[in-house]
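The stops below are given in the order in which to select them.

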Amino acid sequence: MSIFAIGDLHLPGGDKKPMDVFGSHWEHHFERICADWRSRVKPEDIVLIPGDISWAMQLGDALSDLRDIAKLPGTILLLRGNHDFWWSSLSQLRACLPENMHAVQNDAFDAGTCVFCGTRGWTIPLGQNATAQDEKLYRREAMRLEMSLKDAARMADGRPIFAMMHYPPLLPETLRQGTEFTRLLSEYGVKRCVYGHLHGQSVQRGFSGNYRGVRYDLVSCDALGFALKDVSLESAES
């Protein structure tokens, strides 16, 4: 079993919302992702999508996007991003997801050889730019991450734990002291964490590498050139 990741698909949600307004490199981006996906992913593989899946505002409008993704091979794990406003009721979402698609929220998913968990995350409060609201949401997301990690640790029994986040769990200026997210991920022995959210020039602020025992990878689709990243523990891309 191989494990792949790609985030921030930003599918249209039932409306025509061309992504090439953000640059010509976004033209036909989902078709390019699908071509790469079909060429590399086998039915027994796992694909992680850490947020910003669809521009839809309501679940009913997101279903066509979810079904298009589910036509692709592999078991697909979803995480909520900051633009996934259609993701409100977890029970309603899970009730209508295709068989090969699973939503992770405050819990973990047992894939047999390894366990997956995660949370959306939030902006890391930094210096004078930090607001009380950001601090509150940051702390809340850290609590949600620990809930998910506890569930993963309960399931894992020594098997590897992978984590997904949407917002970056660390930034270049946090490498010295770390963050609440990195503290928890290291404490619970996570092997690998993927995240997205960063686009364009902000991709340069993404951290990919090993930090305090955890391998981190930025996997927003434009940062990857619209091709999935192999994040298997034995991957040569590690």
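Start with S54 and A56: a polar atom of the S54 side chain lies 3.1 Å from the backbone nitrogen of A56. The model is predicted, so local features need pLDDT of at least 70 and side-chain atom pairs pLDDT 80 or more, while totals for chains, interfaces and linings use all residues. Numbering starts from 1 along each chain as its sequence is written, and side-chain values use heavy atoms, without hydrogens and water.

Stay on S54, in the loop between β2 (46–50) and α2 (59–70); helices (H or I, at least four residues) and strands (E, at least two) are DSSP runs numbered from the N terminus. Beyond neighbours within four places in sequence, select its contacts (heavy atoms within 4.5 Å): L11, G13, A62, D65, H83, D84 and W86.

Next, display the open sheet of five strands, ordered β4-β3-β2-β1-β11 with mixed pairing; strands pair if DSSP finds at least two bridges between them. Its edge strands, β4 (101–103) and β11 (229–230), each pair on one side only. Zoom in on β3 (residues 75–79), which runs parallel to β4 over three bridges. There, L77 stands opposite H102 of β4.

Finally, select T123, I124, L126, L171 and R205. Of the 15 residues lining the second largest pocket, these lie nearest its centre. The lining comprises nine nonpolar, four polar and two charged residues.

Conventions. Polar contact = N/O pair within 3.5 Å; in protein donor to acceptor, adjacent residues only side chain to side chain. 1 Å grid on protein atoms, 1.4 Å probe; cavity = no way out; pocket = protein on both sides within 12 Å on 5 of 7 lines; lining within 4 Å. Nonpolar A, V, L, I, M, F, W, Y, C, P; charged D, E, K, R; others polar.
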